[in-house]
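Work through the exercises below with the sequence and the coordinates open. Each task is followed by a solution in steps.

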Amino acid sequence: MIPAPFDYEVADSVEHAVELLGEREDTKLLAGGHSLIPLMRLRFARPAVLVDLGRLDSLRYVRDAGEQVAIGALTRHHDLNHDPLLQEHCPLVSHTAGLIGDPQVRHRGTIGGSIAHGDPASDLPAVLVALDAELLLQGPNGERTLPAGEFFRGVFETALGPQDVLTEIRVPKLGPSGWSYLKFTRRAQDWATVGVAAVVRRSNGTIEDTAIALTNMGATPVRARTAEEALRTADDVGTAAEAVAAESDPPSDTSGSADYRRHLATVLAQRALEEAISR
Ligand code: FAD
């Protein structure tokens with residue numbers, strides 16, 4: 001289908017984008033267009049104005065930021081997947097970006113668009129929640145930082161205000177921590193029916209800290225706190241994986257029933273924790 005008519009503006013800076021967002025109601029930002037344009041073609045979204053961020057090359061970067069790696073919101077999935085700094089310090093992000101869609105999607109879609117869209121089936125949101133990433137937002141009153149865990153509010157709902165632009169994502173350097181992201185798809189290169197992100201910090205054979213977050217097991221990425229606490233040694237993997245299913249409220253849809261998703265989450269959590277511990 002063809003989208004409903006809309007006006008088109010090009011932002012020449014983040015400040016300009018914020019200003020344009022405030023000029024007319026129902027104005028939407030356009031990044032890679034790989035979530036918004038399909039919705040517009042189906043007429044599920046009918047923005048009056050599109051503000052194109054695509055020429056803001058200043059928002060396309062991966063930088064060393066001390067104990068964190070800073071990622072510009074317009075960085076494309078393909079570039080995350082191949083970035084040497086991320087591969088060295090936060091391979092969970094580069095690995096997951098390589099699992100998104102097909103090459104065309106990865107060459108157009110951006111990390112900022114994936115997060116701002118607020119789709120519970122997207123892969124990067126759960127990964128960022130597991131990493132306790134920080135998100136930098138710029139609005140009419142300046143900049144603010146939010147933990148990823150507080151950003152997602154519901155299906156396609158986030159903490160972004162009507163004039164906010166997501167500008168940067170900061171992820172921690174993982175050091176020797178083990179990590180994994182596993183997703184189950186019905187077809188190759190598809191969205192996750194269920195995904196599990198895991199980060200495990202060990203010292204002298206003891207597990208010191210675990211983070212587990214789930215994709216498509218609720219309206220937002222789900223942090224599996226009970227399962228995290230259950231993982232004290234490598235022998236607890238089965239118990240922790242069982243706990244994952246109990247602390248989520250998955251949907252039933254054409255990709256699978258809620259019960260099937262709980263089963264998948266347990267199986268994937270077991271494998272993800274084993275992989276993270278062995279890395
Ligand atoms: P856009 O479509 O341009 O924007 C999406 C939303 O975010 C819009 O509401 C827009 O206004 C808002 N927005 C964009 N940038 C900003 C910003 N900087 N600040 C504030 N708001 C902003 N995703 C997965 O995770 N896993 C998959 O397996 C997967 N498979 C896909 C397969 C296909 C065929 C397609 C078409 C998409 C797939 N996607 C998948 C989605 C893909 O990753 C999208 O690119 C991504 O979700 C949106 O990024 P975008 O840059 O295209 O954003």
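**Exercise 1: Helix α12 and its surroundings**

Task: state which elements the buried residues of α12 pack against, and check the length of this helix.

Solution. The model is a predicted one.

Step 1. Buried here means under 20% relative accessible area. In α12 the buried residues are Ala258, Arg261, Leu264, Ala265, Thr266, Leu268, Ala269, Ala272, Leu273, Ala276 and Ile277.

**Exercise 2: The contact of α11 with α12**

Task: describe how α11 and α12 pack, giving the angle and the distance between axes.

Solution. 

Step 1. The angle is about 145 degrees, and the axes lie 8 Å apart.

Step 2. The crossing of α11 past α12 is right-handed.

Step 3. From α11 the contact takes Val237, Gly238, Ala240, Ala241, Glu242, Val244 and Ala245. These meet Arg262, Ala265, Thr266, Ala269, Gln270, Leu273, Glu274 and Ile277 of α12.

Step 4. Sorted by class, the contact comprises 9 nonpolar, 3 polar and 3 charged residues.

**Exercise 3: Strand β6**

Task: find which strands β6 pairs with, and in which sense.

Solution. 

Step 1. β6 pairs with β7 (residues 142-147) in the antiparallel sense, over 6 bridges. The two strands make a hairpin with 2 residues between them, and Leu135 stands opposite Leu146 in β7.

Step 2. β6 also pairs with β10 (residues 165-172), again antiparallel, over 5 bridges. In this pairing Glu134 faces Arg170 of β10.

Step 3. Of the 6 residues of β6 (residues 134-139), 5 are buried, so the strand is largely enclosed by the rest of the structure.

**Exercise 4: The parallel sheet**

Task: give the strand order of the open sheet of 3 strands, and state which strands stand at its edges.

Solution. 

Step 1. The order is β1-β3-β2, and the pairing is parallel.

Step 2. β1 (7-10) and β2 (27-30) are the edge strands; each has a single partner strand, so one side of each has no neighbour in the sheet.

Step 3. On average, neighbouring strands of this sheet are turned by 25 degrees against each other, direction ignored.

Step 4. β1 and β3 (residues 49-52) pair over 4 bridges, with Glu9 opposite Val51 in β3.

Step 5. Helix α1 (residues 14-23) packs on the sheet and touches β1, β2 and β3. The direction of α1 makes about 150 degrees with that of β2.

How values were computed:
Residues numbered from 1 in each chain as written. Predicted model: local features only at pLDDT ≥ 70, side-chain atom pairs only at ≥ 80, totals over all residues. Heavy atoms only, no water. Expected span 1.5 Å × (residues − 1). Buried < 20%, exposed > 50% of the residue type's maximum accessible area, 1.4 Å probe, protein only. Contact = heavy atoms within 4.5 Å. Axes fitted to C-alpha atoms, helices over the stretch in contact; angles between N-to-C directions. Left-handed = near helix turned anticlockwise from the far one by under 90°. Nonpolar A, V, L, I, M, F, W, Y, C, P; charged D, E, K, R; others polar. Pairing = 2+ DSSP bridges.
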